[in-house]
Amino acid sequence: MRRNWSLYPYILWMVLFTIVPILLVLYYSLLADGGGFSLTLSHYARVFEPLYLAVIWRSILLALVSTVICLLLGYPVAMILAASPAKQQFSLIVLFVVPMWMNFLARTYAWMSLLETNGIINTVLGFFGIEPLSMLYTSGAVVLGMVYNYLPFMVFPIFTVLRKLDPSLLEAAEDLGANPLKTFMKVIFPLSLPGVLSGITMVFMPAVTTFVISQLLGGGQFTLIGNLIQQQYLRTYDWGFGSSLSIILMVIILLSMGLISRSNAYEEGGIL
Amino acid sequence: MTQENQGKTSQEMIRLVDIHKEFEGETVLQRINLSIAKNEFVTLLGPSGCGKTTTLRIIGGFEHPTSGDVMFDGQRINDIPAYQRKVNTVFQRYALFPHLNVYENIAFGLHIAKKDGKEIKAKVKAALNLVDMPGFEKRPIRSLSGGQQQRVAIARAVVNEPKVLLLDEPLAALDLKMRKEMQLELKNMQKQLGITFVFVTHDQEEALTMSDTVVVMKGGVIQQIGSPINIYNEPQNVFVADFIGESIILEGRFLEDCLVEFAGRTFPCVDKGFAPGEPVDVVIRPEDVDISADPESAMLQATVTSVVFKGVHYEMLAETAAGQEWMIHSTTMAPPGQTIGMSLKPDNIHLMKKEVQGT
Ligand SMILES: Nc1ncnc2c1ncn2[C@@H]1O[C@H](COP(=O)(O)OP(=O)(O)OP(=O)(O)O)[C@@H](O)[C@H]1O
Ligand SMILES: [Mg+2]
């Protein structure tokens, strides 16, 4: 093996800012309360209490629902982007990216003022004599916030794959008698799977860990695992429990990523 | 340039009527009129960029003519989408599906047509045998060589037994031996299955050996349509003569019926009907030049300047006293430096009208 010296700064970075923190979190999650250096699994045991399991389950569920909605919305958007002529493509992408330049919190607050009981939507509805709807602080609002914020992470990987798709393959499918729907199902979609899978990962990961969206749009009602961890670190100062929750969350993400990459039977290697 | 259409005798399968095609204002096809009979083997032949692929794509439905009609079995199909046309294509760049293996690629069309599973299996197997790739079913596409991919592309198209098969340089990636074999296979298949072939190549030998009809194109315009023998022996203009086989092209002057002047003397010929004194192009095939070691009794004298052995014959270049260079194909060899005699039979001298706009 040839040594690549240019890799060393990168390795150093990894060790300092990734490996060490993870080991620290792992250490705290095992450290018994009340000082000293004795280790315990009691923090992990707490994670499996029904109360917290419900939180974990809710986090996964909301993240899954958001991911599916992002996929259903994002795929057609990616297709439209990929199919538009090069000149328009750029302006469409800019249109899509500009909201992302706005601060994440500002965007989410904007949604709050839209959804509030006497917010903009309800005011407009009021003109038509419709009773105000309670939209804020519902699971729907949380999902909406996730979809809104993470949709671009679904669109871009799919767009990138679709744009590189060889148009002659679509012609070949058509030549063999496949109508547009069949062409989509048998050629376009399977070939875009790498993009779909990275889109799913890129949406699911922040969605399952978020605490801001659930705090602002879900109010107190929707504690997600992210909120729980935040509380342990910043309010109750229960670092041990917070760390074990973090480790569990990491395991959940690693497991789901492993699942996703295993379902990706067709590998990209040098084809697209 | 005549755009002669061949007889409408047998049943007509495809007809291109006055096809015109522009890409962003650039004309790539002009006045394309072509009639293709059922079970005919038609080859589009011409240099790179002359519009062969575009013509094929218009028949397949992947490109729409700017003006003109595409007729299929007597019906206008301009507005029929490609997937509804009873045509299959072997694409110039294969276009095999990278996410499917060889079997799935070949079975693609049969699956779409909802054929029965057993039938599909049998047909795919037969198709793989046809292209000499038995046992390749499970192989992923990217593990195949260029020639193997090309053969899978052929199998994927023929397995559907379409009425018309469009083949865009389907043998370009194969070595000479494989190429000859596949030429025979394709020809046999066309005869046995009764498929109409529209074949694109820029290899004139391939065109001549395989086709019933050759269509010579240049710059988006059809130069000549005819049988291989007709195209070879009676090229309609200098371009066709030069493109099909090797030619010696000389400036000449028509004197009277069956008499022409070139290379500094008069020759008896068989062409008639030019104006006396009209400048003409004289086309001679290198293999039609008879050479002898006795220069005095021959029509022309020349000195051999180079000799190349070509397998069956020698290719020699000889320079006449007037400084013209003649290419000669002969089974007898004259060494460089030797003076030889050259003679021409009247019916081997082909006279052509001078092109008005330079070719
Ligand atoms: N989509 C397109 N847009 C613009 N120009 C095109 C397009 N397709 C083809 N052309 C042009 O039309 C002309 C004919 O192209 P075509 O592919 O039909 O040539 P060809 O005879 O098949 O050549 P080759 O033997 O190299 O395959 C070329 O000048 C080409 O650049
Ligand atoms: Mg071509």
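1. Contact of helix 3 with helix 9 in chain A. In this predicted model, A:Ser59, A:Ile60, A:Ala63, A:Leu64, A:Thr67, A:Cys70, A:Leu71, A:Tyr75 and A:Met79 of helix 3 of chain A meet A:Phe184, A:Ile188, A:Phe189, A:Ser192, A:Val196, A:Ile200, A:Val203, A:Phe204, A:Ala207 and A:Val208 of helix 9 of chain A. Contact means heavy atoms within 4.5 Å. The residues of this contact divide into 16 nonpolar, three polar and no charged; Ala, Val, Leu, Ile, Met, Phe, Trp, Tyr, Cys and Pro count as nonpolar, Asp, Glu, Lys and Arg as charged, and the others, Gly among them, as polar.

2. Geometry of that pair. The axes of helix 3 (residues 50–83) and helix 9 (residues 180–209) of chain A come within 9 Å and cross at roughly 140°. Helix 3 of chain A is therefore oblique to helix 9 of chain A. Angles under 35 degrees count as roughly parallel, over 145 as roughly antiparallel, 65 to 115 as roughly perpendicular and the rest as oblique. Axes are lines fitted to C-alpha atoms, for helices over the stretch in contact, with angles running from 0 to 180 degrees between N-to-C directions. The crossing is right-handed, a term used if the near helix is turned clockwise from the far one by less than a right angle.

3. Basis of the model and numbering. Local features need pLDDT of at least 70 and side-chain atom pairs count only at pLDDT 80 or more, whereas totals for chains, interfaces and linings use all residues; side-chain values use heavy atoms, with hydrogens and water left out. Residues are numbered from 1 along each chain as its sequence is written, and chains are lettered from A and ligands numbered from 1 in the order in which they are written.

4. Chain A as a whole. The secondary structure of chain A comes to 12 helices and zero strands. Helices (H or I, at least four residues) and strands (E, at least two) are DSSP runs, numbered from the N terminus. The C-alpha trace of chain A spans about 75 × 70 × 35 Å along its principal axes. Of the 272 residues in chain A, 40% are buried; buried means under 20% relative accessible area, exposed over 50%, and partly exposed in between (1.4 Å probe, protein chains only). Among contacts in chain A between residues at least 6 apart in sequence, 69% join residues at least 24 apart.

5. Contact of helix 5 with helix 7 in chain A. The axes of helix 5 (residues 104–115) and helix 7 (residues 139–164) of chain A come within 11 Å and cross at roughly 140°. These two helices are therefore oblique to each other, and their crossing is right-handed. A:Phe104, A:Arg107, A:Thr108, A:Trp111 and A:Leu115 in helix 5 meet A:Ala141, A:Leu144, A:Tyr148, A:Asn149 and A:Tyr150 in helix 7. The contact residues comprise seven nonpolar, two polar and one charged.

6. A buried glutamine. A:Gln232 lies in helix 11 (residues 225–234) of chain A. The residue counts as buried because its relative accessibility is 6%. Leaving aside residues up to four places away in sequence, A:Gln232 touches A:Tyr237, A:Asp238, A:Trp239, A:Phe241, A:Gly242 and A:Leu245.

7. A sheet in chain B. Five strands of chain B form an open sheet in the order 15-19-16-17-18, with antiparallel pairing. Two strands pair if DSSP finds at least two bridges between them. The edge strands, each pairing on one side only, are strand 15 (290–292) and strand 18 (325–330) of chain B. Neighbouring strands of this sheet are turned by 45° against each other on average, direction ignored. Seven bridges join strand 16 (residues 300–309) to the antiparallel strand 17 (residues 314–320) of chain B, and the bridge partner of B:Ser306 is B:Leu317 in strand 17.

8. A hairpin in chain B. Strand 12 (residues 259–262) and strand 13 (residues 265–268) of chain B run antiparallel and are joined by four bridges. B:Val260 stands opposite B:Phe267 in strand 13. The hairpin has two residues between the strands, and B:Ala263 takes a positive phi near 50° there.

9. Further positive phi values in chain B. Most residues other than glycine have a negative phi. B:Asp18, which is not a glycine, has a positive phi of about 50°. B:Asp18 is placed in strand 1 (residues 12–23) of chain B and is partly exposed, with a relative accessible area of 42%. B:Lys114 has a positive phi near 55° and is found in the loop between helix 2 (102–112) and helix 3 (117–130) of chain B. At 67% relative accessibility, B:Lys114 counts as exposed.
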